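Please open the model in your viewer and keep the selection tool at hand. The tour below moves from one selection to the next and says what is found at each stop.

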Amino acid sequence: MKTTFYILLIFILSTTVACENDILNLTPLDAVSEGAVWDDLDLVNLYVNARYNELPHGFSKWAGGLRFTGITDESYHQHEQPHLRKHTNGGLTSDNLFFFNGFWFDAYEAIRNNTILLEQTETSELDADKISQFRAEARYLRAYFYAELISRYGGVPLIESTFQLEDDFSLERARYEDVVAFIIKELDLAIPDLLDRNKAVGEQFGRLTKGAGLALKARTLLYAASPLNNQQNSTEKWSEVALACEALFERNEYSLSGDYSGLFLNPSDPEVIFFKQFIDEFGEETSNSPEGYYQYTGGHRIDEWRFPNGSGGWVSENPTQNFIDQYETLSGEIPVLGYTGSDDNLQPILNPAATDYDPARPYDNRDPRFAFSVYHDEAIFKGREIEMWNPGKDSRDPSVDFWWNGSVLSYGIRKSLDESWSFESNFGSQQPWIYMRLSEFYLTYAEAQYHLGREDLARDYVNRIRARQGVNMPPIDASGLALLDKIKHERKIELAFEGNRWYDARRWRDAEIDFSQSVIGLEVTKTATAKSYRFYVEETRSYPENHYVWPLPIQEILRSNLEQNPGY
Amino acid sequence: MSLKINISVIKSRVKFFFFTCIVFSSIHANSNTPPPKISFHLEQATFSSIVREIERQTPFVFSFEAGWLDLETKFDVAYNDMEIEEIIDDLSSKFGFDYKIENTYIQITKRNPPPDPLQQITVTGYVYDEFKVLLPGATIIDKSTNQGVTSDFNGFFSISVDSGTVLSISYIGYKTFEIEVLNETELEVNLEIKASKLNEIVVVGYGTQKKPTITGSVATLQSNDIVESQTANLSNNLAGRVSGLVINTRGGEPGSDDTQINIRGIGTTGDSSPLIVIDGIPSRGSFERLNPNDIESVSVLKDASAAIYGARAANGAILITTKRGKSGVSILSYNTSYSVAQPTRRPFLMNALQYLTWIDEQKIRNGRPPDFQDQIQDYIDGTNDPMKWADTDWWAESTDLWTPEIQHKLSLRGGSEKIKYFLSGQYLDQDAIYKGKDYGYKQYNIRSNLDIQVAENFKIAVDLAGRVGNRTSSLLSTDQLIRQIFVQTPYELSRYDNGLLAKTSTGNPISSLDGSNGYKESSNRRIDSKFSFDLNLSTLLDGLSLSGYAAFDYYLNIRKELTQPFDQFFFDENTEEYINLRDQTGTVNLFQQSDTDLNITYHLRFNYKKSFQDHSLNTFIAYEQYTREGEFLSASRKNLVSAEIPFLFSGQDTGQTNNGEGSQEARVNYFGRINYDYKEKYLAEFTLRYDGSANFPENQRFGLFPGVSLGWRITEEPFFKSEYITNLKARFSWGKLGNDRVDNFQYLQFYNIEPSYIFQENKQRTQGLLPGDTPNANITWETASKYNLGIDFNIKGRQLAGVFELFYERRSDILAPRNQSVPIYTGFSLPDENIGIVNNRGVELQLNHNNQITQDFSYSIGSQFTFAKSEIEFIDEPSDIPDYQKRTGNPVDFILIYQADGLYQNQAEIDDSVSFPDAKPGDIRFVDKNGDGKIDDNDRIILENSSTPKITYGLSFGFQWNNLGMNLFFQGQALAQSTYRPFDLNQQSFYFENRWISNRETPNATYPAAFSPSDSSFRNISTVWLKSNEFLKLKNIEFSYLLNKPFLNRYGIESLRFALSGHNVFFVYDKVKINDPESSSQTGWYYPQQRLLTAGINVKFKDLK
């Protein structure tokens, strides 16, 4: 018996020791190893999918990562006002950008991830066409993040190849112009290998197209040519903008939509150039607490956030009365020019030229885009009349259920809402986020041509938009500075609440004035026979000059040698 | 056999433990396995020196009464490889005595002439302990008939026996004494304490050691102390009892009560939890859920003594040893307890009047018209319409005042020379505090530890333990659920008059806590098994043995989350109808997940134990390997046919999800130890471990971990003579230990698959590949160098025993991402790198005192004190941050906070100071630390103390008066602090009552004026919200009464013990007041710690044939 045991034990001992190396050589069972990815076209494709997914979108929670209507003169964010207030009262610091700081982190991570693809596929032996397309897409996406970064921060570190852990990381900020040049260079490289629009269908639907490339190019050049970044007012820069727009128009792939309200729900609309689709999920907000910034991933719930309270929503952003006043009457006149009187009871200064405006029926006879973009008292929403009067269903009367979701200013954003959504739904909202659509570039082209002295062409492109089916506003005939104002005004109205305003007012250097206006609110009172309207100042705002660019996040300043923007 | 009768009686009482009976009756047998063989040579040895030699080499202990024995005569003795009985036989003829060997006790008696076998005599006597204290309740058994009596209150007994029979006198905790009754009819029996503290056997890593020869810092806790608190969470039973072991109970939720356990504080910025080793197997996890009655002892290895666990032991090790069988009398013990629990502190939220006042004050402060002036007046006048303007105490609506907790525990312990067994079972049922649905935790634990002497030199052991822990809880996480209670507006109704659940503006929490909106179930099922052997190889080489084990631990964790529609009503004032909003509450959806884990440990060890005259050597070398394979699957379905069929098949295909992945881990270790002592006076221990961990790349995988410790027992020196100091030992240790607890595979670049971008007109979600962390090819374990200096002393034996220790530890190569110095623009997701250095130092003191005042009354006092202070020596942080924000030089867990300087009393003070732009009178005045004229992140400072206490201490008192006992245990801590800061709609009324109103009314207010979460004076966390976590509490109190009357024997009952106990009884003092001072939850959104009042009964049945 003893001998048997010894043999047995020696056996156990030797087997266990013999396989020691096998025991310790493990591989992850929840991930794909590096070797596998770059030799397999399907896996490279999956890698690119995730790069698309890194694109931020404008439906991010509250004020979100990309679009900023609540920190412009378009609207007032009634829930996040305290957080956004530092943007609207001149209080920005490098450590309080809160929701907005995350973009710096996310952008550079995405830039690295796209660069990894470019490096790993440089000598790829896989299907050449597919690889060129993937590389072009990665180039585009990297350029997109740089374009967004410089719009926020001015010049940023320009990184064209990936760092390794043991590298020296010190870098200077590249100049704004150099980053623009890089973006244009990269887009020029990418555009030929991106899809034609008619190829971007079926499995390819949603992928980047040549049109998207040209559009990003035009947008980047426009920002670079604008007063904020073109202090010498070089007309050469404006002609580059015009050329990029013409290249886009000459592709004849896009046309103005006949359905101004429906196009925001329809990524196949002929006007839509680039978009991001959503299905079946709520987004998820994560707070990266040690870094103090927010990330927002997955789907979105814009309908819940922007629906009126009476329909189960939160009315997160309220268009300001000031902005409501910007919508022309059908005769093409702005109805209200300003306000006088005490802050809690303001009197509107009516525009005598707007003869078709009745202060007792303020929402009648307005530019059709008004009703498509905003909901207000008496508007029909989901088959019922909106009730902004106290204690109407959508008001803030304390007796109303969820009264804190009643609109503070008595308005809500309607543009791009999906009225078929209901708050009992278990799903997130489904509408696409539209990054770019043709009318933006008509207006861009008009602005460029104005600066190049071709006022007729400028008016023509503005009027094309005003004349679009379903809008049919009278044409403009202004010239000189008045024409520039008209172009800016058209851009404000046409692209309202799509996130352009924050970029536009800043690049025009108008933000110091426009974003310093007090937020005017409306209170509706209903009696048995009539309604009355009281206007009041909800919030005063200011916009110091240093706000034109944001401070670099404190976290980055502490970790690098980068120079902070002036004034922070 | 009477035993069987006893068992059947028990069976009918406690059905669910029938399994123990079957096993028991089949192994109740008696046999005489020859004890191990021993060898020694002694020249001119006295009887005493021979005895000492045998006691050292074997587990045998001699018992004899000096006086009649010849202690002067000396003999030369030479025994080679002889059985103990042969040796004793030889000695008995040499020295002239009779003897009796029972288990490991050798009873030496005076040689007497053989008695008249049939003479019936009555024997009377007294039973004393070693301090001459009478012992009531001692058992006196006539071994020939197995009839017995117990001693009465005066320790007196009387028994009629046949002359020549052997009486066995036993008492719990004392060595059994046997005496052959010849002519004496009056006996005085002195029972000796079984394991007097001095000679206690202590479990250390991979073995046991006698306490006197231990050189490391090892603290132990024995079973009696462990079961004193009747809590379900074992770690609660350890808190405060062991010096150096810092345990904080962060919450009290049944089945998932969080405890934070550290040995000597936190010494790393990484994972600081100690290694838990259960019956020799690391990685068994969740020791909190073990049945406290199964625990024989807990050892805490605090210094280099843990070096034998190598790359995983840098945070120290806690060794849990479960009970095993004992040969001799078998004891069946049944324990039941019923407890009621309530939070140690419940939150008192603002009532309706306070709440509305608060909201209006906020408005007025922000220059807005107040909304609720009319309602406030109504509340004051009592004219509020209770249907619309109610006053609801949401905490009381949501939770019960007391929640029950039931435990049943049964164990059977005994055995023969051949087979020893310990069998046990536990049933635990804990209710959660919420009203309604049966949320809570149910646990079933079973254990079977068997030891079988297969052959003379071969032993095996089979240990099996199974546990099922079922937790049912709300769909919301605990934090969310408690928050849901907090955020209710107190003026809303929870239910209408007719009992219908009311819809509230923030979502009535009752549907979440009574289960009507669904539930989460998790069932944790595990089987731990261990098969071990011990082969005595003394035929090859004297003192050599081979032992080993294989452990297979299988875990299955099943989770299920079901959401369902529920009734919730809205009263329409116009129609006066209650409208059911059920349709708005969603559909029946199900999520399921299962995780499985198989952990395999193999261990093989050669032991060599040998004594050469005054030198003894105890060594081993071993090989161990550990592998773990895990896998999880999850799936969900929407729109189930019915909530009554909570399975995937009953859901729809659309919107279904499923997922699964695997994981693995492995470790390989070679290690050994040498223990050497010279006359038990000079002690030395050397350990060496060579560890390989799959967490690291091939070239960084193996590491060498040495440990040395030395001891000197000064009292053993011939020059040391003291009447008072009976034991004095100095110890020193040094060791290098490791910590490999970081994410696996950080040396590889890999890509995670995740749901990704949506393409195609019909919106198809694709998969995407996301790069994992940037690989670090050089990653390896953290290294800890630990130094320990200790002094053990005893004054007058048990009168005063103490341990004093100084420790220092330096942890280097701490794994942490370089996320403070690597620019963000690099785009890395940073892996851990070996960069940090932390040192940790402190003092521990343990003092115990036992005393006997009168024959009826004894008491004991125990105390322990620990001071531990950690300090970061290097951590990745930006170079240009101000000194007062540097983590270097501060504790590992830190609080970075604004300094508050009171409250602004008026606008002038604001204008004259640096403040946030929105500052108003009544807001917090912040200190502009860097004097740059603005308040921002740079003005925050790091505080010296964090929520981990630097000082922890415990005080225990035990009193015994006849059969009545009382135990008290106080636990305390100091030098700890946390911020407590309310958040969201409603909050503790404490903040209302102590708020600033105006400079006239409340110039000395503690808290700012009615604030909203968006106010900068609230959002920027400042020292205003800081509270000290120091406290002293009566952690346990127990009153017990032991009934051991002879009449009980008729029913086979040896003793009955009744106990009333309390756990977390009250705070002697503390500073937090609104929460339990052990909570570190800022907001109070956590499951509160529980106070437990328990009535328990313990019945012991003894094998009386």
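Is Tyr439(B) buried or exposed? Select Tyr439(B) and you will find that this residue, in what is a predicted model, counts as buried, because its relative accessibility is 2%, where under 20% is the cut-off for that class.

**Aromatic pairs**

Over all chains, the structure holds 97 aromatic pairs. Go next to Phe307(A) and Trp421(A), whose ring centres are 5.0 Å apart and whose planes meet at 85 degrees, so that the pair is classed as edge-to-face, planes over 60 degrees apart being what that class requires. Phe307(A) sits in the loop between helix H11 (302-306) and strand S6 (317-319) of chain A, while Trp421(A) sits in the loop between strand S12 (411-413) and strand S13 (433-437) of chain A, so the pair ties together parts that are 114 residues apart in sequence. Both Phe307(A) and Trp421(A) are buried. Now return to the two tyrosines of the opening stop: the rings of Tyr434(B) and Tyr439(B) have centres 6.4 Å apart and planes at 90 degrees, so this pair too is edge-to-face.

**Strand S13 of chain A**

Select Met436(A), which lies in strand S13 of chain A and is buried, with a relative accessible area of 0%. Leaving aside residues up to four places away in sequence, the residues that Met436(A) touches include Tyr140(A), Ala212(A), Ala215(A), Leu216(A), Arg219(A) and Phe441(A), and among them there is also the run Glu271(A), Val272(A), Ile273(A) and Phe274(A).

**Helix H5 of chain A**

Select residues 81-88 of chain A, which form helix H5; 6 of these 8 residues are buried, so the helix is largely enclosed by the rest of the structure. The buried residues of H5(A) are Gln81(A), His83(A), Leu84(A), Lys86(A), His87(A) and Thr88(A). To see what they pack against, show strand S2 (75-77) and strand S15 (531-539) of chain A, and then helix H14 (1016-1019) of chain B. Just after H5(A), Gly90(A) takes a positive phi of about 80 degrees.

**Backbone stops**

Most residues other than glycine have a negative phi, and most peptide bonds are trans. With that in mind, select Asn365(A), which is not a glycine and yet has a positive phi of about 60 degrees. Asn365(A) is placed in the loop between strand S8 (345-350) and helix H13 (368-373) of chain A, and at 38% relative accessibility it counts as partly exposed.

In chain B, select Asn639(B), where phi is near 55 degrees, again a positive value in a residue other than glycine. Asn639(B) lies in the loop between strand S32 (615-638) and strand S33 (652-678) of chain B, and its relative accessibility of 31% makes it partly exposed.

Back in chain A, look at the peptide bond that joins Asn390(A) and Pro391(A), which is cis, with omega about -5 degrees. Pro391(A) is in the loop between strand S11 (384-385) and S12 of chain A.

**Chain B as a whole**

Zoom out and show chain B, in which there are 15 helices and 53 strands. Its radius of gyration is 34 Å, close to the 32 Å that the globule rule gives for 1105 residues, so chain B is as compact as a globular protein of that length. Along the principal axes, the C-alpha trace of chain B spans about 110 × 65 × 65 Å. Of the 1105 residues, 57% count as buried, and among contacts in chain B between residues at least 6 apart in sequence, 69% join residues at least 24 apart. If you colour chain B by charge, you will find 108 positive and 136 negative side chains, the centres of the two sets lying 3 Å apart.

For a last stop, select Leu540(B) in the loop between strand S27 (518-536) and strand S28 (544-563) of chain B. Leu540(B) is exposed, with a relative accessible area of 60%, and its C-alpha lies 52 Å from that of Thr124(B), from which it is separated by 416 residues in sequence.

Key: Residues numbered from 1 in each chain as written. Chains lettered and ligands numbered in written order. Predicted model: local features only at pLDDT ≥ 70, side-chain atom pairs only at ≥ 80, totals over all residues. Heavy atoms only, no water. Helix = DSSP H or I, 4+ residues; strand = E, 2+ residues; numbered from the N terminus. Rg over C-alpha atoms; globule rule 2.2 N^0.38 Å. Buried < 20%, exposed > 50% of the residue type's maximum accessible area, 1.4 Å probe, protein only. Contact = heavy atoms within 4.5 Å. Lys, Arg positive; Asp, Glu negative; His and termini not counted. Charge placed at Lys NZ, Arg CZ, Asp CG, Glu CD. Phe/Tyr/Trp six-rings, centres within 6.5 Å; stacked < 30°, edge-to-face > 60°.
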